[in-house]
Amino acid sequence: MSLSEPIPGSTIRAVHDDFHGDLLEVSMGPHHPSTHGVFRMIVTLDGEVVVKLKPVFGYLHRNHEKLAENNAYLASIPYTDRLDYLCSLTNNWAYVHAVEKLSGIEVPERAEYLRVILGELTRLINHCCLVGFLLNDLGTSFTPLLYSLRERERMLDMIEALTGSRMMCNFMRFGGLRTDVSSEWLAQLKTYLDTTFARYLDEQDALLTGNEILLARTQGVGVLKSDLAINAGITGPMLRASGINYDIRKVDKYSIYDRFDFRVPLGDHSDTYDRYMMRMLEMHESVKIIQQAIKDIPEGPFIDPKAKNRGLRPKAGEAYARIEGPKGEIGFHLISDGTGNPYRYRVRPPSLINLTVLEDMCLGQTLADTVIILGSVDIVLGEVDR
Amino acid sequence: MSASSESILEAFPLTIRDWLASVVPLDWLQWLILSLIGIVAILTVFGLTFAFTTVTERKLLGRFQNRLGPNRVRIFGIRVFGFFQPFADAVKALTKEDIVPAAADKVLHFLAPCAMVAFSLLGFAVLPFGKHLSLLSNIDAALLYFFAAGAASELAIFMAGWSSNNKFSLISSMRALAQLISYELPLLLVAVPAVLMAGSLSLTGIVVNQGGDLGILNWNVFTPWGFAGFIIFFIAALAECNRCPFDLPEGESEIIAGYLTEYSGFKYALFFMGEYFGMMSLSGLGVTLFLGGWQAPCAALAFIPSYLWFYAKLIVMILCFIWMRATLLRLRMDQLMRLSWKFLVPLALVNLGTVTFWKYTADWEGGMLVARWLIAIALVILPFISLGKVLSSGLGPRKYRYA
């Protein structure tokens with residue numbers, strides 16, 4: 001009786017059986033307004049209800065892993081920018097984290113604080129984008145997207161002021177960062193988060209989070225059961241929306257995350273609305289982390305002066321390091337044979353692995369739902385295809 | 001139709017028309033000219049309104065979205081905040097290549113945009129634009145005619161979707177038909193109360209019924225049933241025009257551009273034109289049924305000609321359409337139908353009861369008058385709350401736990 005009522009796939013089936021209705025196979029993508037890049041879904045429809053969905057990807061394959069195996073360790077950092085091009089800093093971080101683990105490089109205190117600040121800033125940027133694009137998929141005429149992108153622009157301005165680039169930052173180095181951060185920059189960031197960004201979050205909550213149509217469109221749509229989420233290796237906000245308390249910042253306590261006071265939001269309904277809300281709530285927590293980090297950041301070197309970046313030759317061995325990226329667990333697995341470039345270089349892309357459950361979430365939902373479910377998975381094709 | 005007692009401004013369009021007709025000596029030719037003038041006037045006024053609505057919409061959307069909107073186009077070095085944009089758009093649409101898919105049904109593919117514009121223009125024939133301005137003022141069943149003509153434009157959408165031979169277009173045209181069937185009903189049902197009060201199916205009669213000493217308070221929208229009717233009418237009109245949040249046939253996030261996917265160049269522009277004409281004629285009907293038509297809000301403002309009042313109200317309605325588009329999200333197909341059949345249609349039916357009560361208690365005085373208002377308001381509010389509860393059951397903001 002209510003708008004939230006899911007379409008009972010079985011009853012629709014029965015009606016259609018009487019009419020001997022044909023199924024309609026629609027190829028959505030690779031050129032489609034809402035597949036967030038060159039992603040393709042071959043959707044089989046019964047009326048408007050999805051009975052089968054086959055994801056096709058690889059249109060943006062750039063041979064990332066093989067390229068890195070032929071490059072010096074340092075030369076791969078700018079390539080990692082281009083994996084998930086919305087959050088280049090966390091990609092950098094995961095990669096240098098792996099190399100540091102492989103070759104036993106220590107990171108100075110100040111650099112760790114700055115990495116946390118930049119990592120959480122990246123999370124804000126990513127979640128802003130996600131919320132905006134998800135609402136765009138829900139059929140708003142760009143309005144919430146443009147408000148989100150306005151905030152993203154402001155944060156990108158900050159990042160540009162620091163790294164010289166808006167998206168392809170190439171900022172992390174083994175043992176630290178490329179340059180130091182001025183105290184003015186930190187003060188500016190703090191002011192921005194306290195005023196403008198806080199206003200944005202409040203506005204978003206007030207105008208959209210309780211919107212009846214948003215609730216009707218997202219609640220109960222695209223449910224991802226927690227056992228399936230675990231079995232499929234889902235990570236990040238998507239997993240937490242399914243109620244599993246798993247945040248690598250809390251589990252591994254990598255870097256200096258054990259020093260900050262922040263909470264991990266968990267969803268109880270595992271649906272698209274929960275996935276949307278996870279992002280909204282995580283933004284509040286990220287703001288808290290950045291504010292604490294700016295308050296506590298010590299003086300000191302921004303990079304370990306002894307750390308070797310150019311011509312790095314780690315001892316033979318292997319290392320896997322992971323961090324909690326905005327989209328989930330982003331990890332790098334490196335095998336060194338003692339030469340200047342890795343013997344094997346493997347990325348664990350959260351976008352790709354989170355995408356694997358797309359069909360399970362979409363079955364029995366309507367065509368319009370597949371788009372928002374895909375939007376709530378949060379993929380960047382640069383990372384899915386590599 | 002002499003207008004000697006009216007002000008010169010009020011009679012101005014008629015004066016022009018009579019003068020033009022008098023130039024022609026022949027009787028039968030005079031009759032032809034008289035009807036042609038009306039048609040040309042409607043096409044010009046609403047054609048220009050369409051052009052400037054598109055640019056206003058884009059400018060307003062821009063402002064809603066924290067940007068400027070189109071502001072580059074200039075003619076002879078004059079740039080009126082980009083308000084020459086529609087002319088540039090028209091030139092662009094006319095000069096673009098017209099692509100017809102190889103597998104399309106070429107005849108239907110060509111006919112669909114023509115039908116869209118033609119059908120959407122039909123509604124203007126019966127709208128009373130001013131005291132003396134109505135093309136077919138002598139039609140008694142004007143309202144029925146309006147709905148019959150208005151529904152035909154969905155046929156054009158179906159033609160477009162079917163002939164394009166594109167799966168997205170097909171889905172879109174199916175959606176358009178389902179939407180039409182769902183929303184024509186509440187639209188008709190909320191028009192009935194106005195008919196009941198006026199005792200006439202003639203739109204002119206309905207407008208005249210909303211006049212009187214009280215001015216603006218005589219408008220149907222300022223009665224309980226009229227207010228509810230106007231809101232339902234507005235929602236149903238949004239759906240009828242395929243406007244956001246009911247733009248499912250065009251639902252760009254899932255079916256690209258729906259029935260428009262395979263259209264380019266001027267055919268595309270014609271669909272646009274048809275959509276806007278439909279929006280304007282439905283707004284015109286809303287103004288006629290609920291907002292007093294061409295009546296001025298109070299006697300002191302009656303010196304402004306009636307057709308300007310009508311036009312101003314119509315523009316306000318259209319601005320509300322644009323506002324909705326900038327604000328709302330799109331519903332899903334099943335939710336759209338549920339909203340109609342389980343919410344709007346029952347409310348509209350209850351509204352019929354409310355208006356009957358209103359009509360038969362017209363002579364209640366004093367304390368009874370207060371009771372009349374209270375009962376009527378209750379008849380509107382209670383079903384709204386209870387049906388709304390059912391509609392949104394299971395939905396709501398959630399509390400989240402933290403680990």
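A:Phe142 is partly exposed because its relative accessibility is 40% (buried is under 20% relative accessible area, exposed over 50%, partly exposed in between; 1.4 Å probe, protein chains only). The residue is not a glycine, yet its phi is positive, about 75 degrees. A:Phe142 sits in the loop between helix 5 (109-137) and helix 6 (143-163) of chain A. Helices (H or I, at least four residues) and strands (E, at least two) are DSSP runs, numbered from the N terminus.

This is a predicted model: local features need pLDDT of at least 70, side-chain atom pairs count only at pLDDT 80 or more, and totals for chains, interfaces and linings use all residues. Residues are numbered from 1 along each chain as its sequence is written, and chains are lettered from A in the order in which they are written.

## A:Ser255

A:Ser255 also has a positive phi, near 50 degrees. Most residues other than glycine have a negative phi. A:Ser255 lies in the loop between helix 11 (248-251) and strand 6 (265-266) of chain A. With a relative accessible area of 21%, A:Ser255 is partly exposed.

## Chain B overall

Chain B has 13 helices and one strand. The C-alpha trace spans about 85 × 70 × 40 Å along its principal axes. Of the 403 residues in chain B, 50% are buried.

In chain B, 74% of the contacts (heavy atoms within 4.5 Å) with a separation of 6 or more join residues 24 or more positions apart.

Definitions and conventions: Heavy atoms only, no water.
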